[in-house]
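Open the structure in a viewer and keep the selection panel at hand. The stops below are given in the order in which to select them.

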Amino acid sequence: MAKTIVVCGYGPGISDAVARKFGSEGFSVALVARNKQKLDAAAQALAAQGITAQGFAVDLGDPAAVKGLISSVQQSLGPISVVHWNAYAGVAGDLTTASIDDFRNVMDVGVTGLLAAVQAALPDLSTGENSAVLVTGGGFAYYDPQVDAMATQWNAMGLSVAKAAQYKLTGLLAAKLGPRGIYVGQVVVMGMVKGTAFDSGHATLNASDIANTFWKQYTDRKTTSVNFPG
């Protein structure tokens, strides 16, 4: 049976590794971000490895556009088996000075867009076999004075709020959709990933290892949230 994963928030780190891992396991891959040129190049690179892939240029902070995306993927690649949400916005770093529009954008990309994607894909997820929603979480989500101090120091306050809300949304979706046979899980990344925007030369985590953790979550279908590294 044909399987399709929609990788939302595609880039050179975790999402690329997830696309390669699931693609190597027989999934067709929809790559989603805003830059069509980069998406087309990435799809060609995956195709060179024998993976069916297609790029979709979409603003993931626009719920209407996200719903249109799901329809476009269905028309091009078939029913959706897995939604992987890796998207985030890095604005609103200082909540004492950030514009409300920037803060809203962080929440729309991290939370509202995710919900829009799940709602739009739900008919496929409800009827498909081994369907799932997979979310890339972040350690900024946790309520801890040291975490809050770090998010403030790194000018990542908006992202921290979005990750906290996303963490809760993921748990709620797991409780709601699990009884319907739809697995919902997240990998909470507790550090910097090599080759990503956060890597200033001191990152220690490998994206491929995180992708393997997502695959284990998907196949085991037991744990809603795991920290990486554990």
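The tour goes from a strand pair to backbone details and then to a cavity.

The model is predicted, so local features need pLDDT of at least 70 and side-chain atom pairs count only at pLDDT 80 or more, while totals for chains, interfaces and linings use all residues. Residues are numbered from 1 along each chain as its sequence is written, and side-chain values use heavy atoms, with hydrogens and water left out.

**Strand pair**

Select residues 27–33, strand β2, together with residues 53–57, strand β3; they pair in the parallel sense over five bridges. Helices (H or I, at least four residues) and strands (E, at least two) are DSSP runs, numbered from the N terminus, and two strands pair if DSSP finds at least two bridges between them. Pick Ala30, whose bridge partner in β3 is Gln54.

**Backbone details**

Go to Ala92, in the loop between β4 (82–85) and α4. Phi of Ala92 is near 60 degrees, a positive value in a residue other than glycine. Ala92 is buried, with a relative accessible area of 6%. Buried means under 20% relative accessible area, exposed over 50%, and partly exposed in between (1.4 Å probe, protein chains only).

Next select Asn155, in the loop between α5 (145–153) and α6. Asn155 is not a glycine either, yet has a positive phi of about 60 degrees. Asn155 is partly exposed, at 47% relative accessible area.

Then move to Pro229, in the segment after β7 (225–228). The peptide bond that leads from Phe228 to Pro229 is cis, with omega near -5 degrees.

**Cavity**

How many cavities of 30 Å³ or more does a search of the whole structure find? The search finds one. A cavity is a set of points on a 1 Å grid over the protein atoms alone where a 1.4 Å probe fits but cannot get out, and lining residues have an atom within 4 Å of a point. Grid points are joined across faces, edges and corners, and a volume is the space filled by probe spheres set on the points.

The largest cavity has a volume of about 30 Å³. Select its lining: Ala87, Tyr88, Ala89, Val106, Gly110, Leu159, Ala162, Lys163 and Gln166. The elements giving two or more residues to this lining are α4 (100–127) and α6 (157–177), and α6 gives the most, with four.

Notes: On a 1 Å grid over the protein atoms alone, a cavity is a set of points where a 1.4 Å probe fits but cannot get out, and a pocket is an open set with protein on both sides within 12 Å along at least five of seven lines; lining residues have an atom within 4 Å of a point.
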